[in-house]
Amino acid sequence: MTDAVATQTQVVSKSPIQVKIRWMLRVDLEDVVQVQQDSSNGTIEPVWDATRILEQLRDRKYIGIVATTGDKVIGFALYELCKRHFRVIKLGVHQDYRHMGVGSKLVGELTAKLSTTYHNARKKVTVMVRERNLSAQLFLRAQRFIATKVVRGFYEDSGEDGFLMEYRS
């Protein structure tokens with residue numbers, strides 16, 4: 001993979017680290033699982049294993065990206081290409097790299113792909129967030145997402161409501 005494909009370098013706040021965003025590769029899967037485990041921080045969000053992630057990525061409508069510093073995977077996003085929008089399935093940043101702009105870079109990679117020029121282009125990014133996941137809600141709000149819908153009992157594992165949050169270009 002060349003550096004020109006889906007990569008950016010930026011020095012982010014808190015500790016100056018260089019973060020690159022690139023496509024998720026098969027060799028990244030175990031690191032992505034580890035990031036999920038580290039970032040779940042005791043929440044009830046299910047951690048997908050490498051097999052489950054790979055199953056999703058085999059379907060062409062799902063895309064994975066990772067945030068790296070050096071050779072270390074420190075964040076990831078898994079999203080679905082829907083007809084008129086991107087739907088974030090999973091998003092996580094390693095606990096040690098939170099509040100350093102890594103999540104913002106991942107979300108920025110998605111929002112930068114939105115188009116306002118073509119009639120049939122993707123015009124929004126959506127994500128469903130658990131009612132109890134206040135940190136995710138606040139993070140997404142800071143990224144200019146707005147809650148547009150409450151889906152009662154969305155999460156089957158807990159019966160918890162989900163908030164549909166959207167970013168529109």
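A residue is called buried here when its relative accessible area is under 20%, exposed when that value is over 50%, and partly exposed in between. Please keep in mind that the model is predicted.

**View 1. R130, a buried arginine in strand β6.** With a relative accessible area of 4%, R130 falls under the 20% cut-off and therefore counts as buried. To find R130, follow strand β6, which covers residues 124–130. Its side chain makes a polar contact with the side chain of E160, at 3.3 Å.

**View 2. R130 and E160 paired in a salt bridge.** Side chains of opposite charge can pair when their charged atoms come close. Here the closest N and O atoms of R130 and E160 are 3.3 Å apart, and the two residues form a salt bridge. R130 sits in strand β6 and E160 in strand β8 (residues 160–168), so the pair ties together parts that lie 30 residues apart in sequence. Both partners, R130 and E160, are buried. If you widen the view, you will meet R132 and D157 as well: salt bridges with shared partners join R130, R132, D157 and E160 into one network.

**View 3. The salt bridge between E80 and K61.** The model holds 10 salt bridges, and one of them brings the side chains of E80 and K61 together, at 3.4 Å from N to O. This pair links distant parts of the chain, 19 residues apart: E80 belongs to strand β4 (residues 72–81), while K61 is in the loop between α2 and β3 (62–69). Is E80 buried or exposed? Its relative accessibility is 9%, so E80 counts as buried. K61, at 35%, is partly exposed.

**View 4. The salt bridge between E109 and K113.** In this close-up, the side chains of E109 and K113 meet in a salt bridge, with 3.9 Å from N to O. E109 has a relative accessibility of 7% and is therefore buried.

View 5. Which residues form the negative surface patch? They are E30, D31, D49 and E55. To place one of them, look at the loop between α1 (29–40) and α2 (50–58), where D49 lies. D49 has a relative accessible area of 44%, so this aspartate is partly exposed.

Methods:
Residues are numbered from 1 along each chain as its sequence is written. This is a predicted model: local features need pLDDT of at least 70, side-chain atom pairs count only at pLDDT 80 or more; totals for chains, interfaces and linings use all residues. Side-chain values use heavy atoms; hydrogens and water are left out. Patches are made of residues with over 30% relative accessible area and no salt bridge: like charges are joined within 9 Å, nonpolar side chains (Val, Leu, Ile, Met, Phe, Trp, Tyr) within 5 Å. Accessible areas come from the Shrake-Rupley method with a 1.4 Å probe; for residues, only the protein chains shown count as cover. A salt bridge is a side-chain nitrogen of Lys or Arg within 4 Å of a carboxyl oxygen of Asp or Glu. Lys and Arg count as positive and Asp and Glu as negative; His and the chain ends are not counted. The place of a charge is taken as NZ of Lys, CZ of Arg, CG of Asp or CD of Glu. Helices (H or I, at least four residues) and strands (E, at least two) are DSSP runs, numbered from the N terminus. Buried means under 20% relative accessible area, exposed over 50%, partly exposed in between (1.4 Å probe, protein chains only). A polar contact is a pair of N or O atoms within 3.5 Å; within protein, one must be able to donate a hydrogen and the other to accept it, and residues adjacent in sequence count only if both atoms are side-chain atoms.
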